[in-house]
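What follows is a walk through one protein model, taken a region at a time. Keep the sequence and the 3D view open side by side while reading.

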Amino acid sequence: MRSVYLDNGATSYPKAPGVGDAMCDFIAKVGCNIARGGYQRAYDAAGRVLEVREKLNKLVNGPGPRNVIFTSGATAGLNLLLKGLLRPGDRVLTSPMEHNAVLRPLEQLKSRGVTVEYLPCTDRGELVLEGLADRLTPDVRAVMLCHGSNVSGTLFPIETIGPLCRERGIFFLVDAAQTLGSVPVDMGEMCIDGLAFPGHKGLLGPQGIGGVVVTDALAGELDPLLSGGTGSASESLDMPPFLPDRFEAGTLNLPGIFGLGAALDYLEREGAALRIREHKLAGHLWARMMELEEDGIRVLGTKDPRQRTGVVSIDFLQADNGEMAFRLEQEYGVQTRCGLHCAPVAHRTLGTFPQGAVRFSVGPFTTFEEIDYVQGAVYDLLTG
């Protein structure tokens with residue numbers, strides 16, 4: 001049986017060429033820590049880490065390489081942004097389409113006196129812009145939004161929302177888990193103050209590495225979530241006041257950073273072509289699924305293919321979604337993700353709670369022939 005991987009919304013596969021080799025080379029040939037050793041190998045490793053920061057900063061048009069903070073992934077980055085910024089009495093606006101990596105920290109913060117309000121969305125997961133400016137009142141501390149939904153595939157108009165926040169002195173925080181590497185992100189033009197990202201999705205790097213990029217203004221308001229050794233300012237019992245050390249206590253995931261660096265090298269060479277290809281693949285997948293709506297499925301998300309990521313989720317109207325996902329894998333070799341996708345409020349908004357949905361998500365290495373094959377598999381299940 002053939003194997004068709006359509007779970008890139010969870011993690012990209014295959015990874016960019018050279019990722020595994022870079023990680024193995026670090027472990028076998030480098031192996032040391034940075035900022036802890038006074039020898040050339042440690043200095044060389046620190047230089048490579050700086051190069052990776054520079055590449056990430058360039059990719060997002062960020063404030064500077066020192067403003068790139070490494071974490072274990074987007075979830076840790078989002079926790080840093082939200083818990084480091086919001087304090088009792090603060091008010092934050094978010095959307096019902098957010099991942100639990102946003103909503104669970106916010107739920108914890110609610111118990112500590114932070115007010116959380118949802119901006120309205122349509123039943124296709126589209127943010128309602130009408131009246132948004134009126135909600136951005138002086139008592140709003142931050143707006144926290146995903147760039148693209150991990151359930152519906154709908155893109156949010158962050159390029160419109162960011163300037164509105166900047167004009168009013170409101171911090172704008174963005175979860176780029178489903179977009180960075182696949183959809184252009186420009187922190188300067190989009191007026192983003194804090195951007196959280198994983199290394200293992202659109203950036204085509206390994207799991208366990210990600211980070212945040214923060215403006216100086218936001219960094220000045222963030223409290224570190226972790227305290228400990230940084231290899232710098234060791235004479236003080238306080239965390240260093242400068243970036244990135246202030247938010248990078250402990251040992252960095254250097255194999256992960258080296259692997260991410262190899263992925264970024266690849267994206268520098270091929271990224272533009274890969275983004276065009278992935279956009280075409282996403283449109284092809286969406287169109288093929290839309291052709292089957294009359295046969296017994298509902299395709300979630302916006303009907304504007306220009307405002308979609310590579311995620312396409314469907315709801316089987318006359319069958320159990322879990323059973324259909326299981327059969328797709330067992331009978332056709334099609335690997336998807338079924339369920340609530342760590343986003344129960346999004347599924348309530350889309351009308352797919354509690355049954356969830358079957359999510360297909362393309363990557364740059366998916367083929368058009370595979371998408372056609374998947375459409376045939378879904379059709380067989382609907383009509384068999």
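Predicted model: local features only at pLDDT ≥ 70, side-chain atom pairs only at ≥ 80, totals over all residues.

Start in the loop between α1 and α2 (40-60), where A35 lies. A35 has a positive phi of about 65°, although it is not a glycine. Is this residue buried, partly exposed or exposed? With a relative accessibility of 47%, A35 counts as partly exposed.

A second residue to look at for its phi is C342. Its place is the loop between β12 (337-339) and α11. The phi of C342 is near 55°, again a positive value in a residue other than glycine. C342 is partly exposed, at 34% relative accessibility.

Two cis peptide bonds can be located next. One of them joins Y13 and P14, with omega about 0°. P14 sits in the loop between β1 (4-5) and α1 (19-30). Another cis peptide bond joins F353 and P354, and here omega is about 10°. P354 belongs to the loop between α11 (344-350) and β13 (357-361).

Now turn to the helices. Helix α3 (residues 74-85) has 12 residues. From its first C-alpha to its last, α3 reaches 16 Å, close to the 16 Å expected at 1.5 Å a residue. The buried residues are A74, G77, L78, N79, L80, L81, L82, G84 and L85.

Helix α12 (residues 368-383) can be checked for length in the same way. Its 16 residues should span 22 Å at 1.5 Å a residue, and the end C-alpha atoms are 23 Å apart, which agrees. In α12 the buried residues are E370, I371, V374, Q375, A377, V378 and L381. Viewed down the helix axis, these buried residues fall within an arc of 160°, so they line one face of α12.

The cysteines come next. A disulfide is a covalent bond between the sulfur atoms of two cysteines. How many disulfides does the structure hold? There are zero. C146 shows why in one case: the closest cysteine sulfur, in C121, is 8.0 Å from its own, too far for a bond. The cut-off for a disulfide is 2.5 Å between the sulfur atoms. C146 is buried, at 3% relative accessibility. C338 is in no disulfide either, as the nearest cysteine sulfur, that of C342, is 13 Å away. C338 has a relative accessible area of 29%, which means that it is partly exposed.

Rolling a probe the size of a water molecule over the atoms shows where empty space is left. Across the whole structure, a search finds two cavities of 30 Å³ or more. The largest cavity has a volume of about 190 Å³. It is lined by 21 residues, and those closest to its centre are N8, S182, G202, E278 and V362. Which helix gives the largest share of this lining? Helix α9 (residues 254-290) does, with four residues. By class, the lining of the largest cavity consists of seven nonpolar, 12 polar and two charged residues.

The second largest cavity holds about 30 Å³ of space. Its lining is formed by H279, A282, G283, W286, P305, R308 and T309. By class, these residues divide into three nonpolar, three polar and one charged.

Key: Residues numbered from 1 in each chain as written. Heavy atoms only, no water. 1 Å grid on protein atoms, 1.4 Å probe; cavity = no way out; pocket = protein on both sides within 12 Å on 5 of 7 lines; lining within 4 Å. Points joined across faces, edges and corners; volume = space filled by probe spheres on them. Helix = DSSP H or I, 4+ residues; strand = E, 2+ residues; numbered from the N terminus. Nonpolar A, V, L, I, M, F, W, Y, C, P; charged D, E, K, R; others polar. Buried < 20%, exposed > 50% of the residue type's maximum accessible area, 1.4 Å probe, protein only. Expected span 1.5 Å × (residues − 1). Arc of directions from axis to C-beta.
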